[in-house]
Structures are given as structure tokens and as C-alpha cells.
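Here are a few notes to read alongside the model. Have it open while you go through them.

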Amino acid sequence: MRGEYKVPGGKLVAAEVDVSDGSLNSVHISGDFFLEPDDALDRIDRALTGLPEDSSVDRMSALVQAAVGPDAHLIGFDADAVAIAVRRAVGRATSWADHTFEIVHGAAERPELQMALDQALTESVAAGTRAPTLRIWEWERNAVVIGSFQSYRNEIDDAASQKYDVTVVRRISGGGAMFIEPGNTITYSLYVPGSLVEGLSFERSYAFLDDWVLGALKELGIDAHYAPLNDITSPIGKIGGAAQKRLAVQNKLGGAVLHHVTMSYDIDAAKMLRVLRIGREKLSDKGTTSANKRVDPLRSQTGMSRADVIEALKDHFRKRYATVDGKITDAERARAEALVTEKFGTDEWLHRVP
């Protein structure tokens, strides 16, 4: 059996594994990485041979690290990457190539329903009733989306939100607030089985799931890269931020992961800072007293319309992975509408952290 793992920004690690009676009978690691000293590769193979086939990434990684020793140089990969490749070889983890992704890009939705659709579609992937999916959002009105654990009163200026007709909603993932005006941001969600990020830390999974969008942005002429933990940035400044939520369902898919990103196409920064209290604090912390009128990294760096940028992102995703066009099912929409009534449209949820 063979498994591969491409380190985001790094090298490819391949594992060829024979399994006998529930154990790794033989393991051979290869790839386009760099490794010194030369015999460290043999030590890695020997350290993994004989392990139970269901050994965790943490256990295999620790054994690999001990085998190579403190003086070895692993360049373009690390012990975790080796362990993930082995887990994929024995079918305990999946890769992008193991899935066909649906691409969903529908009509504009109201903010409360957007939050609910994220949960509903993640639940569908966890239940195995939906294939992994990339969904491009369209916004029906102005909105601020606050993170699951943010304080409403610390984040939102109510008077300003009412003045600018901004609907405030709370999502199920953590992270910071997103200021939205229709046509001025690009938001997407990935709904994937837990097996795709099996063995990856939360920190590593962010870059792993957004590696495709970095490639797409570079095709558009933007020198984009990931800034830990969850920012997509460029030499000119921040482009967007990511957030994540995992549904831990006990099934062969390992549950499901919601990973969503909002990128700035052309935001009115002055308006944003009137609505978001913390935005003002972050500016003052940088010794800045005012903002530029627009925050427009995608518009200014590409010269393209928002619609054309989105089509370029989808085209790049299609080139990298197996895809089909998809849509939200009637059952998923019904589930989302119920979630709006029960959760996302309620004051209890919106003010769960006052």
C-alpha cells in the first residue's frame, strides 16, 4: 500500500507499506525532501517496521524523531509528515485525491441562514450524505460575523451597526469578527471528512486546507502566503482570515471539518472601524489613528472584478482536484432553516457571550 503527503510549502513524502497480521511488516519512506545524514532514512524505516497498523500519528512521529536523533536535518518535511504518509498508506487517513468535491455557488443568502448552512452541510459530510464540498458564499445584506467565543458588547458598536444597516450574527467556529458588505468580500467554506486532516494539528490543518487558494492567488499575480495561525497575507498586507470547527462523529470518516475563509476584495475600512470596537483597538495598538478609505487587496492586486476572481478560484480548484457542480439539497436547506429558528436567529445564541 502507498500513501503520500505533500507538506504545504514543503516537499512530498511517500510511504510504501506492507501489512501482515495487523502490523507494519515493512515500511519504505521516499520523497523529494532533503535529509542528513544519509543513513537516517534507513533508521526511519526500521523505527516504523513492526508497529501496529493502527498506530497514531503522535506515536509514529515520536519514534521517527527518536530514530533520526537530535543532530539530523529534515529539510522540507518533518516526522509528522512521515507518520501522516504512513497513515494514508494503511487507509487510516485520506488525501485530496481520494475524494470528488462538489462546488456549490448559489444565490445570496441572509446572514443567519449562512451560519446555519455551514452547520447543516458539515453535518451532511459527517453523516456521509454529502461529498466533500467547496461552497462560495454570496451575501444578501451587510453583516458582521463574530466568532463563537467573542463578546458581543466588546466587538459591536450597536449604534453604528444600526446606522449602517448591519446584521450581526454569530458563527460556530472561533476566531475574530468579519465585516461584510455584499460584493466587497469573498467568502468560502470547505466541508471535508475528518479523515482528510487526520493526524494534522489544528495549526497545520489551516495551512493544509488553504494551500489550494494560495496557489490560485499566485496564479492571479498575488504573492500570497500563510501567516500562522490563520491569516492569508501578502507583502502588501493581510488578505483574509480562516476559522475552523470540527464535528467529532464516531464513524469511518472521522467526523467532519468546517473550514471557512473570508478575504477582502474591497472593504470600506472607515465604516468597518465604526461598527467594530476591537478594530479600533487593534489600530491604536499599531500607533495608527485612522484607516485608509478602502481595504482592497484582491481588487488592487489583480485588477479583476470580484466575479472574475471567484471564477479563477473555482477554476484553480477544479484543476487541482476532482470536482462536480453541486447544490444545497432540500433536506439541508430545511435543516438550516430549523437551525435559524432554534439557534442562529435567537438572541440567546447571538449574546451567548454578552
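**Notes on pockets and a helix pair**

1. Start with the second largest pocket: 19 residues line this pocket, and Glu4, Lys6, Arg88, Ser95 and Trp96 lie nearest its centre. (On a 1 Å grid over the protein atoms alone, a pocket is an open set of points with protein on both sides within 12 Å along at least five of seven lines; a cavity is a set where a 1.4 Å probe fits but cannot get out; lining residues have an atom within 4 Å of a point.) By class, the lining has 9 nonpolar, 3 polar and 7 charged residues.

2. A word on the source: this is a predicted model, where local features need pLDDT of at least 70, side-chain atom pairs count only at pLDDT 80 or more, and totals for chains, interfaces and linings use all residues. Residues are numbered from 1 along each chain as its sequence is written, and side-chain values use heavy atoms, with hydrogens and water left out.

3. What lines the largest cavity? Met115, Asp118, Trp137, Val145, Arg171, Met178, Thr187 and His260 do. Their classes split into 4 nonpolar, 2 polar and 2 charged (Ala, Val, Leu, Ile, Met, Phe, Trp, Tyr, Cys and Pro are nonpolar; Asp, Glu, Lys and Arg are charged; the others, Gly among them, are polar).

4. Last, take helix 8 and helix 12, which meet through contacts (heavy atoms within 4.5 Å). From helix 8, Asp211, Trp212, Val213, Gly215, Ala216, Leu217 and Glu219 meet Leu313, His316, Phe317, Lys319 and Arg320 of helix 12. This contact comprises 6 nonpolar, 2 polar and 4 charged residues. Helices here are DSSP runs (H or I, at least four residues), numbered from the N terminus.

Note on methods. Helices (H or I, at least four residues) and strands (E, at least two) are DSSP runs, numbered from the N terminus.
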